[in-house]
Amino acid sequence: MKIKNILKSLIFIVSLNFTATSCADWLKVDMEDGIMEDKLFSEDEGFFTVLNGVYSSLNESYGDVLSMGVIDVMAQYYNVPANGTHPYKVFANYSYQDNTFESVSSLVWKHLYGLAANLNTLLEHCDGSGSALSARYYPIVKGEALALRAMIHFDLLRLYGPIYSSNTESTAAIPYLDIPDNKDILPILSAKEVCEKVLRDLNEAAELLKDDPVRTDGVQTDDAEDNNNPVYLRYRQYRLNYYAVQGLLARLYMWMGNKTEAYNCVTNLLAEVEEKQTFPWVTKEAATSTSAPDRVFSTEVMFGLYNPSRGALYDGLFGKSLEGEALTFAGGLSGEDSKLAQFYGNNSSSDYRRKMWEEVVTSTDEESGVSSGITYSLKYEQITTDAYYKFMIPLMRISEMYLIKAECSNDLEEIQDCLHQIRWHRNLTSDEEVTEENKTQLITEEFAREVIGEGQLFFYYKRNAMEEFASGTDVKNTYKMLLSNYVVPLPKSETDNRQ
């Protein structure tokens, strides 16, 4: 397919210098390549090379850490016993002082701030004297760069910052790297100050992207190219497009406890995309295909990464060959000891999401004839056809917007409708009646089902300061969470530099 050529920049892995002070070393690539900073930014293609390099490099942190791996283990999705030998035990136990956790945390910290530094240089060249970036591409390049910078800092805040409230908004959180070629150690800002900078960047990005072709021509996942929408303006699901920026704004408002603005944001967004059918619900044919099942429900993804190594990530996290070291659900496919049955609820055998699991029988009791096995996730299992979603890792989907709307609403009928929209399009025909007493539980359960493998549940729990939620190991009981475990300490590599 031409997608491999159209997205070649997305798999162009640049050799980044991961420092939070300057990206000069990255731009000064090997002399034999003959590419210098001024040359790189001398035409539109150079700007997109840098921008696409950032998108591609996001896979290094959002692959097995901030999407389908570590952060989901911290949400207690999987069967990782606290006292066992599972390699992800450190993350399930929130063992922040452990060398393994410290190493992962430090790599993510340095990597994401390194990307922010590169974005700052890109932004500086967008507005620099005599900028070579054409007027046609300026709003797209600058808008996406600002949105990426905002997303990176927001996710760092969600990980390392406090549980946000009026009592903690002045708590020291993280630095915000928005100064090009900065040589100084940036101050650590309060949670509120970081949120204000994220909001500033997202609002500017939204204004720049108001004419994003995604609003007129959709996501454009076909191979056709025309003068109106050349290569750089296609495949908008793999870019921080206008709608994804609105989704980030909604997430930010929810984090800050501003449900009024979050509600307005998602209500306007949903009205527009529903009318235009920009992110249509997955079809039964696509979700249940035997040759190329669309288990990520790709049409619904507002923003995701293009990761050619997705198959290897899957094999390293969920593959059957890992056996006891794989990330799996506790128990088999059914029964009172089955996490799967508890997770999806009664009368859910037709649920497309539940069909993403497969039990491999490991033993059978000779006397009782009862079999036991391991329940493996198939969500990211590699498909053999060249479907455009073959390498997709979702980071934001339209169902999250419905759930944000439900969480913000005080109207039980509106909440019921939001949940019904999701469940109906997951092939479920019955809904539990929403009441004041059960609405939070129903929203939480649906959120967990929707975003498994996408790195959002831990942040949902943290935002709501939940002290009790579904356990990955003890199906019959809940997990008791210490609020202090929601706050990951700054990496030692960072704090040592500040002494």
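**Overall picture and local details**

A: The protein chain contains 21 helices and seven strands. Please note that this is a predicted model.

Q: What share of the residues of the protein chain count as buried?
A: Of its 499 residues, 56% count as buried.

Q: And what part of the contacts is made by residues 24 or more positions apart?
A: Among contacts in the protein chain with a separation of 6 or more, such residues account for 68%.

Q: Let us turn to helix packing. How does one describe two packed helices in general?
A: The description uses the angle between their axes and the distance between the axes.

Q: Then what are the angle and the axis distance for H17 and H18?
A: Helix H17, residues 398-408, packs with helix H18, residues 412-424, at an angle of about 165°, and their axes are 9 Å apart. H17 is therefore roughly antiparallel to H18, since angles over 145 degrees count as roughly antiparallel.

Q: Left-handed or right-handed crossing for H17 and H18?
A: The crossing of H17 and H18 is left-handed.

Q: Which residues meet there, in H17 and in H18?
A: From H17, Ser399, Tyr402, Leu403, Lys405 and Ala406 take part; they meet Glu414, Ile415, Cys418, Leu419, Gln421 and Ile422 in H18. By class, this contact of H17 with H18 has seven nonpolar, two polar and two charged residues.

Q: Staying with H18, what does it reach from its first C-alpha to its last?
A: H18 has 13 residues and reaches 18 Å, close to the 18 Å expected at 1.5 Å a residue.

Q: Which residues of H18 are buried, and what do they pack against?
A: The buried residues in H18 are Glu414, Ile415, Cys418, Leu419, Ile422 and Arg423. They pack against helix H13 (259-276), H17 and helix H19 (439-450).

Q: H19 comes up there. How do the axes of H17 and H19 cross?
A: The axes of H17 and H19 cross at roughly 165° and come within 10 Å. That angle makes H17 roughly antiparallel to H19, and the crossing of H17 and H19 is left-handed.

Q: Which residues make that contact between H17 and H19?
A: H17 contributes Ser399, Glu400, Leu403, Ala406 and Glu407, while H19 contributes Ile443, Glu446, Phe447 and Glu450. By class, the contact of H17 with H19 has four nonpolar, one polar and four charged residues.

Q: Is glutamine 220 buried or exposed?
A: Glutamine 220 has a relative accessible area of 8%, so it is buried.

Q: And what about the phi of alanine 465?
A: Alanine 465 is not a glycine, yet its phi is positive, at about 50°. This alanine is found in the loop between helix H20 (457-463) and strand S6 (468-470). Because its relative accessibility is 29%, alanine 465 counts as partly exposed.

Q: Lastly, where is serine 363?
A: Serine 363 is in strand S3, residues 357-364. With 37% relative accessibility, serine 363 counts as partly exposed.

Q: How far apart are serine 363 and glycine 373?
A: Serine 363 and glycine 373 are 10 residues apart in sequence, and their C-alpha atoms are 6.7 Å apart in space.

Conventions
Residues are numbered from 1 along each chain as its sequence is written. This is a predicted model: local features need pLDDT of at least 70, side-chain atom pairs count only at pLDDT 80 or more; totals for chains, interfaces and linings use all residues. Side-chain values use heavy atoms; hydrogens and water are left out. Axes are lines fitted to C-alpha atoms, for helices over the stretch in contact, and angles run from 0 to 180 degrees between N-to-C directions. Helices (H or I, at least four residues) and strands (E, at least two) are DSSP runs, numbered from the N terminus. Angles under 35 degrees count as roughly parallel, over 145 as roughly antiparallel, 65 to 115 as roughly perpendicular and the rest as oblique. A crossing is left-handed if the near helix is turned anticlockwise from the far one by less than a right angle, and right-handed if clockwise. Contact means heavy atoms within 4.5 Å. Ala, Val, Leu, Ile, Met, Phe, Trp, Tyr, Cys and Pro count as nonpolar, Asp, Glu, Lys and Arg as charged, and the others, Gly among them, as polar. The expected span of a helix is 1.5 Å times one less than its number of residues. Buried means under 20% relative accessible area, exposed over 50%, partly exposed in between (1.4 Å probe, protein chains only).
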